[in-house]
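Take a look at the fold below. Read the overall picture before the details.

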Amino acid sequence: MAKWNGDIAKIALPTPFAVGDVNVYVVKGDVLTLIDTGVKTKRSKEALTQGLADLGLELSDIEQIILTHHHPDHAGALDFFAKEIPVYGHKNNQRWLDISDDFLETHNCFFLEYATKFGVAEELKDKLIHHRDDIRFLSERKLQGYLAEGDELPGLPGWKTIETPGHAQSHLSFYRESDGVMIAGDHLLAKISPNPLMEPPILPGDNRPRPLLQYNASLQKLLGFSISTVYSGHGDEVNGDAVADLIQYRFERQHNRAMQVKSMLSIKPLSVFEVCQQLFPKVYLQEVGLTLSETIGQLDYLEDLGEVETAIEAGVILYSIA
């Protein structure tokens with residue numbers, strides 16, 4: 001049952017994804033705000049309606065929506081709300097909310113190009129692209145305004161925007177200095193490490209983002225804030241000293257995995273896909289997009305440390321010990 005904790009209430013909503021329930025937050029201020037929406041399914045709408053009823057509210061009482069990022073479990077259910085309700089978020093959300101054919105083509109060309117560079121098996125390449133039917137969990141909407149580093153949240157005095165890219169190029173967290181509360185989306189989760197996901201560059205032709213390096217920098221950034229509670233996009237809150245401890249744990253786990261990858265490369269040069277097969281032998285066939293994102297992240301990390309070097313053979317990037 002949803003209930004208020006001061007001026008914040010968490011509502012857990014079901015998703016059809018492996019991550020399980022997603023948390024959305026109702027925040028009282030000058031404007032009654034919903035942070036994230038859940039996914040666009042009947043079950044999610046029923047749970048959101050019930051959660052709001054527990055708080056004495058209805059869907060129509062929500063006056064604005066603010067997004068932590070564009071993923072469908074966080075932004076997919078915008079269609080549950082009237083078109084005139086303002087929606088705010090990072091400008092990099094918009095290309096996922098327009099759902100244009102041009103962007104789908106750009107997205108698919110990017111992933112097919114890198115599938116070849118990564119040495120992905122031909123029969124798996126189709127799993128990396130989006131078809132029009134694949135985006136049924138998203139809602140088409142124009143952002144009322146963009147939020148960037150340091151911006152105060154509209155209608156929520158005292159809440160500031162922190163840019164935390166990595167898990168998504170659109171990812172934001174929201175911080176209230178007066179009591180150290182942070183609403184962090186998928187940036188910091190108590191039980192699981194968010195997968196920094198590959199995305200096409202914002203400007204076509206630019207270098208691809210390095211999401212794991214971005215994610216590490218965004219985690220490091222949080223250590224500069226005095227945080228009492230992190231309200232996360234999935235699972236329980238993280239409180240007090242546990243915030244810094246969890247961040248250090250995430251760093252250590254990620255570094256150890258990168259060293260595991262380095263040990264693979266000490267035997268012979270490998271493509272991204274060959275490393276992916278060794279890292280995720282049981283799931284790479286079913287989750288090739290997620291596992292490739294994790295794998296290239298580890299290789300980007302090792303390359304940034306100067307631990308590996310690359311060569312290209314027959315159009316495929318091979319990584320070896322530097």
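Among contacts between residues at least 6 apart in sequence, what percentage join residues at least 24 apart? In this protein, 65% of such contacts do. Keep in mind that the model is predicted.

## The whole protein

The protein contains 8 helices and 15 strands. Its radius of gyration is 20 Å, close to the 20 Å that the globule rule gives for 322 residues, so the protein is as compact as a globular protein of that length. The C-alpha trace spans about 60 × 45 × 35 Å along its principal axes. Buried residues account for 53% of the 322 residues. The protein exposes about 14,400 Å². Carbon and sulfur atoms supply 50% of that area.

The largest nonpolar core has 47 residues. Phe-118, Met-182, Val-230, Leu-265, Leu-292 and Tyr-319 touch the most other members. The elements giving two or more residues to this core are α4 (101-118), α5 (211-222), α6 (242-265), α7 (272-279), α8 (288-304) and β15 (316-321). Helix α6 gives the largest share, 8 residues.

A second core is separate and has 26 residues. Leu-57, Phe-81, Ile-85 and Leu-143 are among them.

Return to Val-230. Setting aside neighbours within four places in sequence, Val-230 is in contact with Met-182, Ala-184, Leu-188, Glu-237, Val-238 and Val-243.

| Helix | Residues | C-alpha span | Expected span |
|---|---|---|---|
| α1 | 13 residues | 18 Å | 18 Å |
| α6 | 24 residues | 35 Å | 34 Å |

Start with α1. Which of its residues are buried? They are Ser-44, Leu-48, Gly-51 and Leu-52. Seen down the axis of α1, these buried residues fall within an arc of 95°, so they line one face of the helix. An α-helix has 3.6 residues a turn, so residues three or four places apart point the same way. The buried residues of α1 pack against β2 (8-13) and β3 (22-27). The face turned away from the buried side carries the exposed residues Lys-42 and Arg-43. Just after α1, Gly-56 takes a positive phi of about 80°.

Next comes α5. Its buried residues are Pro-211, Leu-212, Tyr-215, Asn-216, Ser-218, Leu-219 and Leu-222. They cover an arc of only 165° around the axis, which puts them on the same side of α5. What do the buried residues of α5 pack against? Their partners are β8 (159-163), β10 (181-183), α6 and α8.

Helix α6 has a buried set too: Val-243, Leu-246, Ile-247, Arg-250, Phe-251, Gln-254, Ala-258, Val-261, Met-264 and Leu-265.

## Two single residues

Thr-295 sits in helix α8. Is Thr-295 buried or exposed? Thr-295 counts as buried because its relative accessibility is 0%, and the cut-off for buried is under 20%. Apart from neighbours within four places in sequence, Thr-295 is in contact with Val-272, Val-275, Cys-276, Leu-279 and Phe-280.

Pro-165 lies in the loop between β8 and β9 (172-176). Its relative accessibility is 22%, so Pro-165 counts as partly exposed. Beyond neighbours within four places in sequence, Pro-165 is in contact with His-171, Gln-214, Tyr-215 and Ser-218. Tyr-215 and Ser-218 are also among the buried residues of α5. The C-alpha atoms of Pro-165 and His-69 are separated by 9.3 Å. Along the chain, these two residues are 96 residues apart.

## Backbone angles to notice

Most residues other than glycine have a negative phi. Which phi does Asp-36 have, positive or negative? Asp-36 has a positive phi of about 70°, although it is not a glycine. Asp-36 is found in the loop between β4 (33-35) and α1. With 2% relative accessibility, Asp-36 counts as buried.

Ile-99 also has a positive phi, about 50°, and is not a glycine. Ile-99 is placed in the loop between α3 (94-98) and α4. Its relative accessible area is 15%, so Ile-99 is buried.

Note on methods. Residues are numbered from 1 along each chain as its sequence is written. This is a predicted model: local features need pLDDT of at least 70, side-chain atom pairs count only at pLDDT 80 or more; totals for chains, interfaces and linings use all residues. Side-chain values use heavy atoms; hydrogens and water are left out. A nonpolar core is a set of buried Ala, Val, Leu, Ile, Met, Phe, Trp, Tyr and Cys residues joined through side-chain atoms within 4.5 Å. Buried means under 20% relative accessible area, exposed over 50%, partly exposed in between (1.4 Å probe, protein chains only). Helices (H or I, at least four residues) and strands (E, at least two) are DSSP runs, numbered from the N terminus. Contact means heavy atoms within 4.5 Å. The arc is that of the directions from the helix axis to the C-beta atoms. The radius of gyration is taken over C-alpha atoms; the globule rule is 2.2 Å times the number of residues to the power 0.38. Accessible areas come from the Shrake-Rupley method with a 1.4 Å probe; for residues, only the protein chains shown count as cover. The expected span of a helix is 1.5 Å times one less than its number of residues.
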